[in-house]
Amino acid sequence: MFVKKNAVWKNMLLCGAVGFSWITPLAYAQAAIPAAAKMRPKVIVLTAFPPEWQAWTVKKSFQHQVLHVPGLIKPLICDSKGVCVTETGEGEINAAVTVTSLVKDVALDLKKTIFIRSGIAGGVDDENSALGSVYINNWVISWAFGHHYLSDQKQLAWSPPGCADYAAPGHCGNYTRNIMENLAYKINPALLNMAVNASAHVVLENSTKAKKLDKIFAISAAPKVMVGATITGNDFWIGKANQIIAEQIVRRYTHGEAKYTNTAMEDLGDVAVLSRFGLADHYLSIRGISDVDVPPPGKTEEEIWKTGDLYASALAERNAVIVTEAVIAHLLKGTA
């Protein structure tokens, strides 16, 4: 079956009956595109999965231009102002593949593009971190590296990776200094401050469902925009023991500069790729809080896995979009 499909594919190419979106990655990479003809998006919004993607595709403005980029699971859709959106797929690997495909695509010039990861995230059980709140993240931290294990006391535990492997020579313990193996990325302070200022007066939504969940978790504050560190991992976890480990990892990798506030699955893949291409300072992470990373009072972790977590995903997605749009509006004013 695969041989037949490949044969049909080759015949289509040889016959010349190929539209732009059908060009294979190899042929596309070899195509010569004049510099003047390249697209230069001002902003690319990265979403992870269909609900996040659909929160943007419902806007008719993104029907202005569509670019099919090899390596992407969804096209790059753009409005007339130079703002584009795509869906990367969930997890660090899918995110890294997508961002690499974008950066290396010959039809795109992304040297001045701002990349914004916009989506939902798990949050902490903090009375000031209501469901639907939005974090503009100041650090992106790796969850998976290091050693996660069960201690002799049968407790979840973690120890950091060796300095020789993950820090530049002479900088043992500074996990941000080895550009080939970064485990912690500090967001460009100027870009972060711009985003915080741009969203200072946005009005976030709330919902009856989120208010009920806030009450269950003894969270009293209404949704608001805050700054914090996100930790990236591909596995779903819940529980106080893992939350403590997340806090420990963030403290270790940032030398106490950042505070763990939310967890997601893609951000490290995004920024690691951008760092390799000298574009890490062009990245923002904006996350709406959809759930809490510990079980509600009276419930165990196992009960949650059996019955399902308690989510306010729709609210988190809407509020993440609201903040992202405010940031984009500010960016567009600066490039007008």
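The pLDDT is the predictor's confidence in each residue, on a scale from 0 to 100, and in the model I am showing, which is a predicted one, the chain averages 88, with 89% of the residues scoring at least 70. Over residues 1-30 the pLDDT is below 50, and where pLDDT is low, the predicted coordinates should not be read in detail.

A word on conventions: residues are numbered from 1 along each chain as its sequence is written, and side-chain values use heavy atoms, without hydrogens or water. In this predicted model local features need pLDDT of at least 70 and side-chain atom pairs count only at pLDDT 80 or more, while totals for chains, interfaces and linings use all residues.

Let me turn to the salt bridges, each a side-chain nitrogen of Lys or Arg within 4 Å of a carboxyl oxygen of Asp or Glu, of which the count comes to twelve. In one of them arginine 117 pairs with aspartate 270, the closest N and O atoms being 2.8 Å apart. Arginine 117 lies in strand 5 (residues 114-123) and aspartate 270 in helix 9 (residues 267-276), so this pair ties together parts that are 153 residues apart in sequence; helices (H or I, at least four residues) and strands (E, at least two) are DSSP runs, numbered from the N terminus.

Is arginine 117 buried or exposed? Arginine 117 is buried, at a relative accessible area of 0%, and aspartate 270 is likewise buried at 0%, where buried means under 20% relative accessible area, exposed over 50%, and partly exposed in between (1.4 Å probe, protein chains only). By contrast, glutamate 302, which bridges to lysine 306 at 3.9 Å, is exposed at 53%.

Key. Contact means heavy atoms within 4.5 Å.
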